[in-house]
Amino acid sequence: MAGARKALVTGAGGFIGSHLVEALLADGWEVVATVRYTSTGAIGYLADLAPGQRPEIRLGNLCDEEFVRDCAKGVDTIFHLGAHISIPHSYVSPRDVVVNNVVTTVNALEAARSQGVRRLVHTSTSEVFGTAQTPSIDEGHPLHAQSPYAASKIAADKVVESYNRAFGLETITVRPFNTYGPRQSRRAVIAHLIHQALAGGTVRLGSLTPRRDFTFVTDTARAFVAAADAPEAAIGRHVNLGTGTDVAIADIVTMVGEILGRPLDVVEEAARIRPSASEVMRLTADNRLARELLGWQPRISLQQGLARTIDWVAANRSRLDGQDQAR
């Protein structure tokens, strides 16, 4: 499309990244999408996009500063989603998670500076807040790292903040709470639950009592697009993305069973339960700032989103079979 604005999406082959690429293309953007290089040349969930609707795909490593800088040439907006996202992996390999998530963020920021990129939209996580100290979490809630992953994201968020203040780079940090939907791996509890439920038999999960604010992935992707054109008042800010309502994992089990038309037999497995001092018991977003600054609010109800996710998992169970499972 002649004259289209150009976006760079890091981590584009992943769950949220692939949906963001779709949303940007539908909105008329030209998109450069980075995917981690492997010997197979796999492009992740970008392979699900129709051939005529795919972005320019660049294979490489976001820890390579030159690669990121080259990808940012001629770009209007960088959407930085590339990161190690597994909380359990951060217990096993904390150095890998922390170094990767901070270095890749610095590389994205430096690329934005050197290439004259107008704005960088950075991806944070609700995990930076730890267990809620208030009924709902606004952007001023204290940060409390309860895992090395959460600590890595706090560090990355602060680096982004520093580039806005020190260098005047236009940055907005969006903090999705628990996003779910098609293409999510079995590391996530909803995808893991649905995969097991469709297989029949006993569903094995970790703790059923934690409460989360679940947002359907297309709603989250819309918020990222909105951040690209948010007004000046949003620059340098952190913005929470969530529905404002939380549910217990046990409630999700019940809802999935109702959609499938049968109760689910669930067993809590000790091996899947996180350390007590590390488990975040409740996360609920106060999304007033997102509504004010981004003009955004969720459109897809939890029931609608779960039904759509069940349909996708049912059609893609073989793809999920070999994936890491939720804890």
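The legends below describe close-up views of a predicted model.

**View 1. Packing of helix α4 against helix α5.** Helix α4, which spans residues 94–114, and helix α5, which spans residues 148–167, have axes that come within 9 Å and cross at roughly 20°. Because angles under 35 degrees count as roughly parallel, α4 and α5 are described as roughly parallel to each other. The crossing in which α4 passes α5 is right-handed. On the α4 side the contact is made by Pro94, Val97, Val98, Asn101, Val102, Thr105, Val106, Leu109, Glu110 and Arg113, and on the α5 side by Pro148, Tyr149, Ser152, Lys153, Ala155, Ala156, Val159, Val160, Tyr163 and Phe167. Sorted by class, the residues of this contact of α4 with α5 comprise 14 nonpolar, three polar and three charged.

**View 2. Ser114 in helix α4.** Ser114 is a residue of helix α4, and with a relative accessibility of 44% Ser114 counts as partly exposed. From the C-alpha atom of Ser114 to that of Asn101, a residue 13 places away along the chain, the separation is 20 Å. Asn101 is one of the α4 residues that make the contact with α5.

**View 3. Packing of helix α8 against helix α10.** The axes of helix α8, residues 249–260, and helix α10, residues 302–315, come within 10 Å of each other and cross at roughly 65°. As α8 passes α10, the crossing is right-handed. Ile252, Met255, Val256, Ile259 and Leu260 make the contact from α8, while Leu302, Gln303, Leu306, Ala307 and Ile310 make it from α10. The contact of α8 with α10 consists of nine nonpolar residues and one polar residue, with no charged residue.

**View 4. Packing of helix α6 against helix α10.** Helices α6 and α10 pack with their axes 10 Å apart and at an angle of about 60°, and they are therefore oblique to each other. The crossing of α6 and α10 is right-handed. From α6, the residues Ile190, Ile194, His195 and Leu198 meet Leu306, Thr309, Ile310, Val313 and Ala314 of α10. By class, this contact of α6 with α10 holds seven nonpolar and two polar residues and no charged ones. Leu306 and Ile310 of α10 take part in this contact with α6, and they are also among the α10 residues in contact with α8.

**View 5. The largest nonpolar core and Phe224.** The largest nonpolar core of the model has 36 residues, and those with the most contacts inside it are Val9, Leu24, Phe79, Phe224 and Leu241. Two or more residues are given to this core by each of the elements β1 (6–10), α1 (15–26), β2, β6 (170–176), α7 (217–228), β11 (238–241) and α9 (288–294). Helix α7 gives the most, with six residues. When residues up to four places away in sequence are not counted, Phe224 touches Ile16, Leu20, Phe79, Leu81, Val121, Thr123, Val174, Pro176 and Leu241. Apart from this core lies another, of 25 residues, including Ile194, Ile249, Val253 and Val256.

**View 6. Pro55 in the loop between β2 and β3.** Pro55 is placed in the loop that lies between β2 (30–36) and β3 (56–60). Its relative accessibility is 11%, and Pro55 therefore counts as buried. With neighbours within four places in sequence left aside, Pro55 is in contact with Val21, Leu25, Val31, Ala33, Leu46 and Leu49. Pro55 and Thr123 are 68 residues apart in sequence, and their C-alpha atoms are 20 Å apart in space.

**View 7. Ala132 in the loop between β5 and α5.** Ala132 is located in the loop between β5 (119–123) and α5. Leaving out neighbours within four places in sequence, the residues in contact with Ala132 are Ile137, His141 and Arg282. The C-alpha atoms of Ala132 and His144 are separated by 9.3 Å, the two residues being 12 residues apart along the chain.

**View 8. Arg183 and its positive phi.** Most residues other than glycine have a negative phi. Arg183, although it is not a glycine, has a positive phi of about 85°. Arg183 is found in the loop between β7 (178–180) and α6 (189–199), and with a relative accessible area of 8% Arg183 is buried.

Note on methods. Residues numbered from 1 in each chain as written. Predicted model: local features only at pLDDT ≥ 70, side-chain atom pairs only at ≥ 80, totals over all residues. Heavy atoms only, no water. Axes fitted to C-alpha atoms, helices over the stretch in contact; angles between N-to-C directions. Helix = DSSP H or I, 4+ residues; strand = E, 2+ residues; numbered from the N terminus. Parallel < 35°, antiparallel > 145°, perpendicular 65-115°, else oblique. Left-handed = near helix turned anticlockwise from the far one by under 90°. Contact = heavy atoms within 4.5 Å. Nonpolar A, V, L, I, M, F, W, Y, C, P; charged D, E, K, R; others polar. Buried < 20%, exposed > 50% of the residue type's maximum accessible area, 1.4 Å probe, protein only. Core = buried A, V, L, I, M, F, W, Y, C linked by side-chain atoms within 4.5 Å.
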